[in-house]
Every structure is written in structure tokens, then in C-alpha cells.
Amino acid sequence: MNNSIKISNQEIIIKEFKGQRVVTFMDIDLVHDRVAGTAKRNFNENRERLIEGGDYYIATLKDENRTLGIDIPNRGITLITEQGYLMLVKSFTDDLAWEVQRQLVNSYF
């Protein structure tokens, strides 16, 4: 089984949490060719609009991480669902953003 996928010429590890595929802020910044921290900044600016358990999850060390394929730091990690991803990147309107969004929705989620 292949545990990664290429989106916009960038490899990201396929991650699943609570039965659905998720991405991290780092994944979003990587495939959208954004400065590190851009997705997290957008998340923090719009956190009151996003729904925990629907748009995102906070995974902790206590959570099962075998299907994540990544280590969970002591502080936990924010995992973005497909719905949350689409809400979060609404402000990304350049041509690359449109291409990446289509690839992620069609190939990853």
C-alpha cells in the first residue's frame, strides 16, 4: 500500500484520523507553495468559524496514531478534514490554489 500521494509535485503522507483523511498545516503550506505558517495563521484568524470535530481535530499523544503515519508532538497536532481544508483555503485564489484544491479533493480526500 502506498502511504503517500503526489499533489502539485509535492509528496504528502496519507493520514487518516477517526475514519477520514486529514492534512496538517505543513501539508497545506507545502502543496500550495506558501510560506511555512500560512495555513496555521489562517486557521488562527478564523478559528471561531471552524468546528472542532467537523472541520478539524486536535490529536494528542493519547490518540491512536497508527493510521496517521506521523508522530504526534507532546502539545498535540491540529488535523484538518476535507471540509475544514476547503473552508481554510477559501482565501487562496491564485491559479495554483485552484489546481491544488481540485487535486486534493479528487485524489486525496
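A pocket here is an open set of grid points with protein on both sides within 12 Å along at least five of seven lines, and its lining residues have an atom within 4 Å of a point. The legends below describe a predicted model.

**View 1. The largest pocket and the residues nearest its centre.** The volume is about 540 Å³. The lining counts 23 residues. Thr 24, Phe 25, Met 26, Arg 75 and Ile 77 lie nearest the centre of this pocket.

**View 2. Secondary structure around the largest pocket.** Two helices, H1 (25–31) and H2 (38–46), each supply at least two residues of the lining. Strands S2 (10–13) and S6 (77–80) also each supply at least two. H1 gives the largest share, with five residues.

View 3. Eleven lining residues are nonpolar. Seven are charged, and five are polar.

**View 4. Lys 18, a residue with positive phi.** Phi is about 55°, although Lys 18 is not a glycine. Lys 18 sits in the loop that runs between strand S3 (15–17) and strand S4 (20–22). Its relative accessibility is 59%, so Lys 18 counts as exposed; the cut-off for exposed is over 50%.

**View 5. Asp 33, in the loop between H1 and H2.** Asp 33 is a residue other than glycine, yet its phi is positive, near 55°. Asp 33 counts as exposed because its relative accessibility is 64%.

Note on methods. Residues are numbered from 1 along each chain as its sequence is written. This is a predicted model: local features need pLDDT of at least 70, side-chain atom pairs count only at pLDDT 80 or more; totals for chains, interfaces and linings use all residues. Side-chain values use heavy atoms; hydrogens and water are left out. On a 1 Å grid over the protein atoms alone, a cavity is a set of points where a 1.4 Å probe fits but cannot get out, and a pocket is an open set with protein on both sides within 12 Å along at least five of seven lines; lining residues have an atom within 4 Å of a point. Grid points are joined across faces, edges and corners, and a volume is the space filled by probe spheres set on the points. Helices (H or I, at least four residues) and strands (E, at least two) are DSSP runs, numbered from the N terminus. Ala, Val, Leu, Ile, Met, Phe, Trp, Tyr, Cys and Pro count as nonpolar, Asp, Glu, Lys and Arg as charged, and the others, Gly among them, as polar. Buried means under 20% relative accessible area, exposed over 50%, partly exposed in between (1.4 Å probe, protein chains only).
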